[in-house]
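I opened my notebook today to look a few things up in a structure. Here is what I wrote down, entry by entry.

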Amino acid sequence: MIELRDGDRIRFTCTFKHQGAAYSGVKLRCSIGEKRTYFPYDFTERVSKESASLSFPTDPTQKSYTEVVTTDAIKVGGIGGLEEGYYEVQVKLMGIPGDDLFWDGPNDDIHAAEEIEEPIFTNLEVAYTKA
Amino acid sequence: MGQYTDITIVAPSSAEVGTSVSVQVRVYNKWTGQLHLTVTGIADGIDLLFGNVSRWVSPGQTSSWYDNFIMPSKDVRLYAWSWFEAADGKWYPDDGKYQDIDKTEPAPASFYDLVCSYRRV
């Protein structure tokens with residue numbers, strides 16, 4: 001599980017395979033959100049980041065590709081930020097022939113937590129007497 | 001048929017558009033003495049130089065030259081020639097042959113096996 005604090009980023013490393021004719025206009029969309037636990041299992045994005053547009057040459061045989069996508073700094077807590085709680089990740093490969101290709105991370109694998117303030121000790125006072 | 005050599009082109013009869021097509025030219029020395037030989041070719045207007053390699057080939061022996069080109073989006077007639085160096089130090093063409101290579105379209109693009117990992121940075 002990942003403990004997510006305010007200002008953290010999540011870096012996704014994704015591999016997939018391509019075979020056949022050259023193709024362009026493909027994008028990876030990496031998201032953090034909430035997956036409904038009952039049918040239909042929709043995914044509600046709370047944070048997302050897309051890769052640049054990807055192009056592929058003709059690959060007569062299957063060829064593996066790796067792309068890295070890093071989110072912007074994620075706000076946790078406060079107005080517009082992620083509430084404290086548990087989230088899932090979802091990645092989809094978009095702009096490909098046919099349906100998008102999805103990858104779902106494990107449930108509740110990201111825990112967003114607001115910063116816990118460090119304890120502060122102040123006002124130390126000492127009295128002393130001759131013993 | 002050449003005067004001193006016979007060549008054989010070894011290349012596929014069809015190739016997928018955009019893929020590399022390997023070409024082998026086998027040159028047989030049918031003369032009675034050693035020959036200093038090389039090979040050139042042309043495919044879709046692109047010169048094939050077979051590495052600019054020349055070598056001596058003994059009588060009755062066969063030697064091979066290799067090159068490749070990217071298959072264009074049309075059928076190609078591949079030409080190849082053997083050359084020998086004469087006593088005057090000049091190179092002369094000898095045998096020449098061609099082979100037709102039909103284009104084949106690549107299969108439609110498909111994407112699969114998406115797997116990801118992630119970490120906090």
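**Entry 1: ground rules.** I first noted that helices (H or I, at least four residues) and strands (E, at least two) are DSSP runs, numbered from the N terminus. This is a predicted model, where local features need pLDDT of at least 70, side-chain atom pairs count only at pLDDT 80 or more, and totals for chains, interfaces and linings use all residues. Residues are numbered from 1 along each chain as its sequence is written, chains are lettered from A and ligands numbered from 1 in the order in which they are written, and side-chain values use heavy atoms, with hydrogens and water left out.

**Entry 2: A:Ser31.** I found A:Ser31 in strand S3 of chain A. Is A:Ser31 buried or exposed? I checked the cut-offs: buried means under 20% relative accessible area, exposed over 50%, and partly exposed in between (1.4 Å probe, protein chains only). A:Ser31 counts as buried because its relative accessible area is 1%. Its side chain makes a polar contact of 3.0 Å with the side chain of A:Glu45. For that term I wrote: a pair of N or O atoms within 3.5 Å, where within protein one must be able to donate a hydrogen and the other to accept it, and residues adjacent in sequence count only if both atoms are side-chain atoms. Contact in general means heavy atoms within 4.5 Å. Not counting residues up to four places away in sequence, A:Ser31 touches several residues, including A:Phe12, A:Phe43 and A:Val89.

**Entry 3: A:Tyr41.** I located A:Tyr41 in the loop between S3 and strand S4 (43-50) of chain A. A:Tyr41 is exposed because its relative accessible area is 52%. A:Tyr38, A:Phe39 and A:Tyr41 form a nonpolar patch on the surface, with about 430 Å² of accessible area together.
My note on patches: their residues have over 30% relative accessible area and no salt bridge, with like charges joined within 9 Å and nonpolar side chains (Val, Leu, Ile, Met, Phe, Trp, Tyr) within 5 Å. A salt bridge is a side-chain nitrogen of Lys or Arg within 4 Å of a carboxyl oxygen of Asp or Glu. Areas come from the Shrake-Rupley method with a 1.4 Å probe; for residues, only the protein chains shown count as cover.

**Entry 4: the cores.** A nonpolar core is a set of buried Ala, Val, Leu, Ile, Met, Phe, Trp, Tyr and Cys residues joined through side-chain atoms within 4.5 Å. Which residues touch the most other members of the largest core? Of its 31 residues, they are A:Phe12, A:Phe16, A:Ile32, A:Val91 and B:Leu114. Strand S10 (110-120) of chain B is one of the strands that each supply at least two residues of this core. Apart from it lies another core, of 24 residues, among them B:Ile9 and B:Phe50.

**Entry 5: chain B.** I counted zero helices and 10 strands in chain B. Buried residues make up 41% of its 121 residues. Chain B exposes about 6,600 Å², and carbon and sulfur atoms supply 51% of that.

**Entry 6: two residues of chain B.** B:Gln24 is found in strand S3 (residues 20-29) and counts as buried, at 18% relative accessibility. Its side chain makes polar contacts with the side chains of B:Ser64 (2.9 Å) and B:Tyr66 (3.3 Å). B:Asn52 lies in the loop between strand S5 (46-48) and strand S6 (55-57) of chain B and counts as exposed, at 63% relative accessibility.
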